[in-house]
Amino acid sequence: MAKNLQTVLYALIFTLAIAAPTHADSDKKPHHDGKAQTQKAHHFSKHWAKTLSAEQKLSVDKMHLELGRHMAVLKAEEALKQKQLNVLTARDNADKTAIYAKIEELTAIGADILRQRYDHLLEMRAVLTAEQRISYDMGILKRSGAK
């Protein structure tokens, strides 16, 4: 019995040793120049961030700083509203009206965060050239939401 278990264990280790390296490289495809590329690459042009001029870089940095300032405040407000909602919910004889009002406040902040993020995407597009926008827009379309 122990011999059979040992044989099965060795077979499993051998199978994993063979399959693991093959699986690790499965997301790479050969590129037309012979180099491997990941599935995230595209055939349009260079990534937009690699082609920014000095003026564009400065503009993008300023936009990111401004967005960061707004987001820091909104995220802090969001965290505070969430804590307040938790406190209201954990009370004896919790007031549903107060809870619902706090939920409205919390979702309003969430909506403001989304507006800020998507306004930022539009600002970013405005400073890019038409060629850079191709790569930028492909990135937007592949995302599941604004970061």
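Contact here means heavy atoms within 4.5 Å.

**View 1. Gln132 and its contacts in the predicted model.** Gln132 belongs to helix H4, and its relative accessible area of 5% places this residue among the buried ones, because buried means under 20%. When neighbours within four places in sequence are left aside, the residues in contact with Gln132 are Trp48, Thr51, Leu52, Gln56 and Val127.

**View 2. The aromatic pair of Trp48 and Tyr136.** A search of the whole structure returns 1 aromatic pair. The ring centres of Trp48 and Tyr136 are 5.0 Å apart and their planes stand at 85 degrees, so the pair is classed as edge-to-face, for which the angle must be over 60 degrees. Distant parts of the chain are linked by this pair, since Trp48 sits in the loop between strand S2 (36-38) and helix H2 (54-89), whereas Tyr136 sits in helix H4 (residues 130-142), 88 residues apart.

**View 3. Residues 23-28, a stretch with pLDDT below 50.** The protein chain averages a pLDDT of 82, and 67% of the residues score at least 70. Over residues 23-28, by comparison, the pLDDT is below 50, and the model gives this stretch 6 contacts beyond near neighbours in sequence. Where pLDDT is low, predicted coordinates should not be read in detail.

Methods
Residues are numbered from 1 along each chain as its sequence is written. This is a predicted model: local features need pLDDT of at least 70, side-chain atom pairs count only at pLDDT 80 or more; totals for chains, interfaces and linings use all residues. Side-chain values use heavy atoms; hydrogens and water are left out. pLDDT is the predictor's confidence in each residue, from 0 to 100. Rings of Phe, Tyr and Trp (its six-membered ring) pair if their centres lie within 6.5 Å; planes under 30 degrees apart count as stacked, over 60 as edge-to-face and the rest as tilted. Helices (H or I, at least four residues) and strands (E, at least two) are DSSP runs, numbered from the N terminus. Buried means under 20% relative accessible area, exposed over 50%, partly exposed in between (1.4 Å probe, protein chains only).
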